[in-house]
Structures are given as C-alpha cells and as structure tokens.
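I opened the notebook on this chain to look up its strand pairing and its nonpolar core. My entries follow.

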Amino acid sequence: MKKLSFYFLLTYLSVQQAVAAQSVSGHIDSPEPVKQLVVYAQPEDASIKLNQAQKTVLISQKDTEFHPPLTAIAAGDKVQWANDEGKEIDHNIFSLSPLTSFDLGLGGKGSKLEQLFKNPGVVNYYCSAHKNMEGKIIILPNRYYQLLDRPGDFLIENLPEGNWTLNAVVLHLRYKAEPIQLTVGKTPVKDLTLKIVKK
Ligand SMILES: [Cu+2]
C-alpha cells in the first residue's frame, strides 16, 4: 500500500511538472527576401523563473572558415572558438561591434579562444589573418529561442506558465517582426503566426 501511494505521488509530481512548462509553436509569415532569423520569447511577468544556466557554445575554425558562420546564444553564454585546422594555420578573432568589441589575439592549430557575451544583440566578428573569414553571433535575452535558416515553422519548448511576448531577430536590414503577446497555461500554445513586415 505504501509502495503504491509512493508511485502515485511520483506520477502526480511528474504530471505537475509537465503542466508547469509548455511548448509554443507556429509559423513565420514572411516576404521572400528574408532568410535567417531567430524567434524568441521574453517573459512579461516578473514572477516567471527562467532557466539561466550558463553554456559554452563551440565554433570551429576549419579550412579558413568559421563553422557555423551564424550562431545563436543566450546573454551570459561563452563562445569558444577551436582551431581545428589540419595544418599549422593561425587564426585571430576580433570584433568592432558597438555591442562588444574584442580581439582575442592569434591561436594556432589545436588552440581554443573564449569570449563572454553579456548583452543581447548582434555581433559580427572576423579573423585579421584571413580577410574572407567572417561570422555572426545573435545574442538573445534568454534561452527561449530557435534559430531558423529560413522562415517556416518554429517550436520553442519548456516555456514556464505566464505571459510572454514572442518576437524575432531578423537579419535583413529592411524587415522586422511584429511581436505578439501570448499566455502560456496548461496546454501547448499552437498555430501562432508571427508576421515579418517592412520597417
Ligand atoms: Cu583566420
């Protein structure tokens, strides 16, 4: 009997946990020129507790290119660039971005260089040794985002209950997203349409 009530409690707790966070999904309605974008959600209630555990996100330097050339991270995350060249080739990483400028110096084959990104925004970075090497990092306010190669369906998981705003960082200079308000409750939020419009 004791055992049975214990399992009942476990089931009850896992159901409770399951309803405490929901997925939010839908479609991006966008004009043709828009390609890469990041859909993200921001909490509107101060009571919403976010998963803010810091991560280190890896970018590889191989064949004198950054892989991937576009990376999305959360504010407070670190990026680590690994020189994965087969030959002895030094790479540098620098940025003159108004959001955060840095120069990590030169790193030889096998080296790793790191940078912390505190504030949300977009950072372009380069290698001073190879003019063709360039990369971009989109820093989101939190971990509730999805990077899309092109407009289409999106899915953001584990949003805590409460009121949120859904928005997108659009890399095309002449377009922006129209933010939408939503409430995360006991069931997943589906079939949203996030519109991309001219600025
Ligand atoms: Cu380089």
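I started at one residue pair in this predicted model. Q61 sits opposite F66, a residue of β4. I then looked up the strands involved. β3 covers residues 56-62 and pairs with β4 in the antiparallel sense, over 3 bridges.

Next I looked up the sheet. β4 and β3 belong to an open sheet of 4 strands, with mixed pairing and the order β4-β3-β6-β9. I noted the edges as β4 (65-67) and β9 (112-116), each of which pairs on one side only. From one strand to the next, I read an average twist of 25°.

An unreviewed UniProt entry lists residues 59-139 as "domain: Blue (type 1) copper". I looked up this span in the model: 63% strand and 0% helix. Its end C-alpha atoms are 15 Å apart.

Then I turned to the core. Which residues have the most contacts inside the largest nonpolar core? They are V38, V39 and A168, in a core of 36 residues. I listed elements that give two or more residues to this core, among them β2 (37-43), β6 (78-83), β11 (130-140) and β14 (162-170). Where does this core lie relative to domain 1 and domain 2? It lies between them, because domain 1 (21-51 + 143-198) and domain 2 (56-140) both give residues to it.

Last, I looked up V39. I set aside its neighbours within four places in sequence. V39 is then in contact with Y145, Q146, L148, F154, I156, L166, A168 and L194.

Technical notes:
Residues are numbered from 1 along each chain as its sequence is written. This is a predicted model: local features need pLDDT of at least 70, side-chain atom pairs count only at pLDDT 80 or more; totals for chains, interfaces and linings use all residues. UniProt positions are given in the numbering used here, feature names are shortened, and annotations may be inferred rather than shown by experiment. Two strands pair if DSSP finds at least two bridges between them. Axes are lines fitted to C-alpha atoms, for helices over the stretch in contact, and angles run from 0 to 180 degrees between N-to-C directions. A nonpolar core is a set of buried Ala, Val, Leu, Ile, Met, Phe, Trp, Tyr and Cys residues joined through C-beta atoms within 7 Å. A residue is buried if 20 or more other C-beta atoms lie within 10 Å of its own, exposed if 12 or fewer, and partly exposed in between; C-beta atoms are placed from the backbone. Domain bounds come from an automatic or database domain assignment. Two residues are in contact if their C-beta atoms, placed from the backbone, lie within 7 Å.
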